[in-house]
Amino acid sequence: MEKLQLPPKPEKSLFKKIRAIIITILVIALYVWTFKNIDIDWGRAIERSIDNFHRVIPKLFSPDWAAAGKVGLAMLETVFIAFAGSLMAAILAIPLSFLAAKNMMGGKAVSTVGKWILSAIRAFPDLILAILFVVAVGPNAFAGVLAIAIGSTGMLGKMFSEIIESIDMEVVQAMEANGANKIQILFYGVLPQITPEFLSYAIYRFEVDIRASSILGIVGAGGIGTMIIFASSNRNWNEMGMILLAIVIVVTIIDFASAKIRRKIV
Amino acid sequence: MTNETHSLTNKSIPLYPAKTKLQVTIIFFVVLGIYIFSMAWTQRDMVSGLSGALGNMYRVIEKFFPPNFSILPDIWNALAQTIQMAIIATTIAAILTVPLAVLSAQNITTFKPLYYLTRTILNLLRTIPDLVLAVIFVGLFGIGIFPGILALTVFSLGILAKLISETIESVDMNPLEAMRASGGNVFQVIWYALVPQVLPQFTSLVLYVFEINIRASVVLGMVGAGGIGLVLNQQLKFYNYPNAMTIIIVIFVTVLIIEYISNKLREALL
């Protein structure tokens, strides 16, 4: 039988070839650097894990029901932190997103500045913000609210500005041509186009913030994280099991509800 | 008759129906109510209330400045460790995610029970925050980078498998069917029809998860899982705020640089 022949592949440009080679070399170098420098004490890790396995794992799966009330209350606080924080963020993100969107404030310079502000905010991990706010307002749940609020503003602002950039500008132009002023354009031309998606992203962010706020207590910013750190330092793995169960249940419920609501909005 | 039409045309028609207006108003007040309650609840432990705390904020933030840059040479090692943790975890997750993503994609795994099983496991996995995983693994393996790498791997596996399975579900099914019709077996179909369609997104998503892992790994040390967070935690415990500020700035700059590089790479890919 005649051997089938494939058509020849299109020739790649020299630039692309060189770029591919350079990237490959860099990636290999990165891995060499990583595996040369990493030192894991395997002996100790294995010894420890054999030692600890029966002390930790079975207990995680037999939660301490006596602590359910305490854990539930802390989880409720976590939900409150996430709620207050993400609502604050949703409001703070609106002016910043208009600033960062290319088609709103006019001028590329303004939007670049806006984008830089947003990515600077995003570069702080939530926990680092929480550390700063714990020092500033004291170790309480409000520090967590502030950390969540600022942390989410960066991400929401970016999402919002992308939504604004994707709106149908013909509506805005038509209104301009009819002599509408800026406020009218904002309320009748822009807002109706962006509101559903803004709401959808804000609700999605609330989902993310539930997860984020459940660990803020590790640095003293309230919520269930405080109990996590106590349970781990007391090696109280039954209580840890209860905490895990609470987090899994609450996060699952909120994810489910939020997905339902978002499907209805958009 | 004429009178009736007259009244009909003159009646101003509202932009939104009354029912929607009522719904929106109720939702607005419920959200506002929960917000006010949350604010009151979270501020109940504060000694001097919001105004006192905000006044205090400036005085305390001042303690962080000027940052003590003389400790920079001592933290390079910890920073390198953090990045290495993220690299290893991302790599392992990227490898392990392939079978999981295929199993949790509805269009490839046509055997429903298997699909629902992997989906459920991944959903449960994703509900557990990274630091909680780190706390458990530190309890299991002791302090060090190994529990950190494990926590990052498990955490990013959940995200990555979900994102990639969604990518797989959105591929063009025609090449796959053509391949199957001309007698390709399961692996041939996956390798020649699915992989070329998914590969660019796969690389892009892996880079995105790498960004997430960098961000997560800088704080894992707070619970004893190695890296720069460990150093930061020590400095904070000694109330050595200028040193802590230096570390925070280093983290900030690292995250910015990694994000920039990864963004550029992803733009080139897609």
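How many salt bridges does the rule find across the interface of chain B and chain A? In this predicted model, the count is 1. The bridge joins E259(B) to R122(A). The closest N and O atoms of E259(B) and R122(A) are 3.8 Å apart. Helix α11 of chain B, residues 241-269, contributes 9 residues to the side that touches chain A. This is the largest share of that side. By class, the side of chain B facing chain A has 45 nonpolar, 9 polar and 6 charged residues.

The contact between the chains can also be described by residues and by area. On chain B, 60 residues are in contact with 65 residues of chain A. About 5400 Å² is buried between the two chains. Carbon and sulfur atoms give 80% of that area. Three residues, Q84(B), T127(B) and L140(B), supply 11% of the area that chain B buries against chain A.

Annotated spans come next. For chain B, an unreviewed UniProt entry places the feature "transmembrane region" at residues 21-41, 83-103, 124-143, 189-210, 216-232 and 244-262. In the model, residues 189-210 of chain B are 100% helix and 0% strand. The end C-alpha atoms of this span are 29 Å apart. Residues 244-262 of chain B are likewise 100% helix and 0% strand, with end C-alpha atoms 27 Å apart.

For chain A, the "transmembrane region" annotation, again from an unreviewed UniProt entry, covers residues 20-38, 79-101, 215-234 and 240-259. Residues 20-38 of chain A are 95% helix and 0% strand. Their end C-alpha atoms lie 27 Å apart.

Helix α8 of chain A spans residues 182-213 and includes K182(A). S213(A) lies in helix α8 too. Are these residues buried or exposed? K182(A) counts as exposed because its relative accessible area is 68%, and the cut-off for exposed is over 50%. S213(A) has a relative accessible area of 0%, so S213(A) is buried. K182(A) is 84 residues from V266(A) in sequence. In space, the C-alpha atoms of K182(A) and V266(A) are 26 Å apart.

The side chain of S213(A) meets two backbone oxygens. A polar atom of this side chain lies 3.2 Å from the backbone oxygen of T78(A). The side chain of S213(A) also reaches the backbone oxygen of I210(A) at 3.3 Å. Beyond its neighbours within four places in sequence, S213(A) is in contact with T78(A), I81(A), A82(A), I148(A) and G222(A).

On chain B, V198(B) sits in helix α9, residues 186-220. V198(B) is classed as buried because its relative accessible area is 8%, and the cut-off for buried is under 20%. Leaving out residues up to four places away in sequence, V198(B) touches T167(B), I168(B) and V171(B). V198(B) and S170(B) are 28 residues apart in sequence. Their C-alpha atoms are 9.4 Å apart in space.

Definitions and conventions. Residues are numbered from 1 along each chain as its sequence is written. Chains are lettered from A and ligands numbered from 1 in the order in which they are written. This is a predicted model: local features need pLDDT of at least 70, side-chain atom pairs count only at pLDDT 80 or more; totals for chains, interfaces and linings use all residues. Side-chain values use heavy atoms; hydrogens and water are left out. UniProt positions are given in the numbering used here, feature names are shortened, and annotations may be inferred rather than shown by experiment. Helices (H or I, at least four residues) and strands (E, at least two) are DSSP runs, numbered from the N terminus. Contact means heavy atoms within 4.5 Å. Buried area is the accessible area (1.4 Å probe) that two parts lose on being put together, summed over both. A salt bridge is a side-chain nitrogen of Lys or Arg within 4 Å of a carboxyl oxygen of Asp or Glu. Ala, Val, Leu, Ile, Met, Phe, Trp, Tyr, Cys and Pro count as nonpolar, Asp, Glu, Lys and Arg as charged, and the others, Gly among them, as polar. Buried means under 20% relative accessible area, exposed over 50%, partly exposed in between (1.4 Å probe, protein chains only). A polar contact is a pair of N or O atoms within 3.5 Å; within protein, one must be able to donate a hydrogen and the other to accept it, and residues adjacent in sequence count only if both atoms are side-chain atoms.
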